[in-house]
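Please load the model in a viewer and keep the selection panel at hand.

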Amino acid sequence: MKIKEIISVLEEMAPLAYAEDFDNVGLLVGNQNWEATGALVCHDALESVIEEAIAKNCNLVVCFHPILFSGLKKITGKNYVERSIIKAIKNDIAIYAVHTALDNHQEGVNKIFCDALGLTNTKILIPKSNFIRKLVTYTIPENAEKLRNALFDTGAGNIGNYENCSFNSKGIGTYMGNEHSNPEIGERFEFVENEEIKIEVTFEKHLENKILKALFKNHVYEEVAYEIYDLQNKNQNLGLGMIGELAVPMEEKSFLHFVKDKMQADGIRHSSFLGKSIKKVAVLGGSGSFAIKNAIQAGADAFLTADLKYHQFYEAENQLILADIGHFESERYTKNYIVDFLRKKILNFAIVLSEENTNPVKYL
């Protein structure tokens, strides 16, 4: 198996198009055409993890956080990032990062977080914007079904829990071909009026190339008329954070002890208790202070995240409990999810869960 075959499965799990623009995801080090000896899945691709990969005969390290995030002008081994990269390159170890591509997935980091707490009725907290487009095209009635199905097969027409969604309307199309034309209906220099079906489908923007290939391959016209629009609609099944409900409401202090136990946190910093029970819970794995207002607007009783600063606890505004459970802790089970996904998709191949604890934060 080549590394690119494993990458294909990873991108099925977390399409790179789902990642935030600021992020650095995908293959960071190495060659996708190398033969893969094994894949080691970790949280952070530190030097100790690269050494673990070498010891376990894995030449691919799949990490959640990208070890290469900002640009490097020199690689001299002066810090932990450069030392990891040098060791990986010297030992022909490839590094692949998923990060916000999995953060934004509806089955990704925050769903894993919710599942660990047993939350139900979950939905995205901050749906992703500027990600949906619409294709409009026109064809003859005899071609409409074939063309629609071809578009559906590429992922067009998926809306939430529904697929094969389209809008179709009848009209009259006109054209006249010149001396270079080869019209499907009519002759050159003939003015043609013909019944046509207008087909409209929405799609996620990263599918555009596949959808256009299907359009051109399955359309009967020599010149295909089509339009693509950017939509303002938010993708309700893609985005950051998640909100759900506890099966049974809990008293505030008991709830935080419950979270501490389930997420194996050594400590939780939190805002003032409000004297009300906790039922609706918002979560955002990693640094999530930017989503405090979203959690309040969604009616959450508590918001669990990490990396909150002193003044940000005031932003609770006595409307919910803010709880910082730790960055690593809030993403704790992500690597386990990646391992389980890969093992289900790739049989008879070494998918190894890293034993290195890469959490840099320690508690007394």
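The stops below give selections and what is found at each.

The model is predicted, so local features need pLDDT of at least 70 and side-chain atom pairs count only at pLDDT 80 or more, while totals for chains, interfaces and linings use all residues. Residues are numbered from 1 along each chain as its sequence is written, and side-chain values use heavy atoms, with hydrogens and water left out.

**Stop 1: the largest pocket**

Select Asp44, His65, His99, His327 and Glu331: of the 36 residues that line the largest pocket, these are the closest to its centre. A pocket is an open set of points on a 1 Å grid over the protein atoms alone where a 1.4 Å probe fits, with protein on both sides within 12 Å along at least five of seven lines; lining residues have an atom within 4 Å of a point. The volume is about 710 Å³, taken as the space filled by probe spheres set on the points, which are joined across faces, edges and corners.

Next, colour β2 (39-44), α3 (80-90), α4 (100-103), β12 (278-287) and α10 (327-330), each of which supplies at least two lining residues. These elements are DSSP runs numbered from the N terminus (helices H or I, at least four residues; strands E, at least two). β12 gives the largest share, four residues. The lining divides into 17 nonpolar, 12 polar and seven charged residues.

**Stop 2: the second largest pocket**

Move to Asn158, Ile159, Gly160, Glu204 and Asn235, which lie nearest the centre of the second largest pocket among its 27 lining residues. The elements giving two or more residues to this lining are β8 (192-204) and β10 (235-250), and β10 contributes the largest share, four residues. The volume of this pocket is about 590 Å³. Its lining comprises nine nonpolar, 14 polar and four charged residues.

**Stop 3**

Lys128 stands opposite Asn235 of β10. Which residue of β12 is the bridge partner of Glu245? The partner is Lys280.

**Stop 4: two helices**

Finally, select α2 (residues 47-55) together with α3: they pack at an angle of about 20°, with their axes 8 Å apart. The two helices therefore count as roughly parallel (angles under 35 degrees).

Terms used. Nonpolar A, V, L, I, M, F, W, Y, C, P; charged D, E, K, R; others polar. Pairing = 2+ DSSP bridges. Axes fitted to C-alpha atoms, helices over the stretch in contact; angles between N-to-C directions. Parallel < 35°, antiparallel > 145°, perpendicular 65-115°, else oblique.
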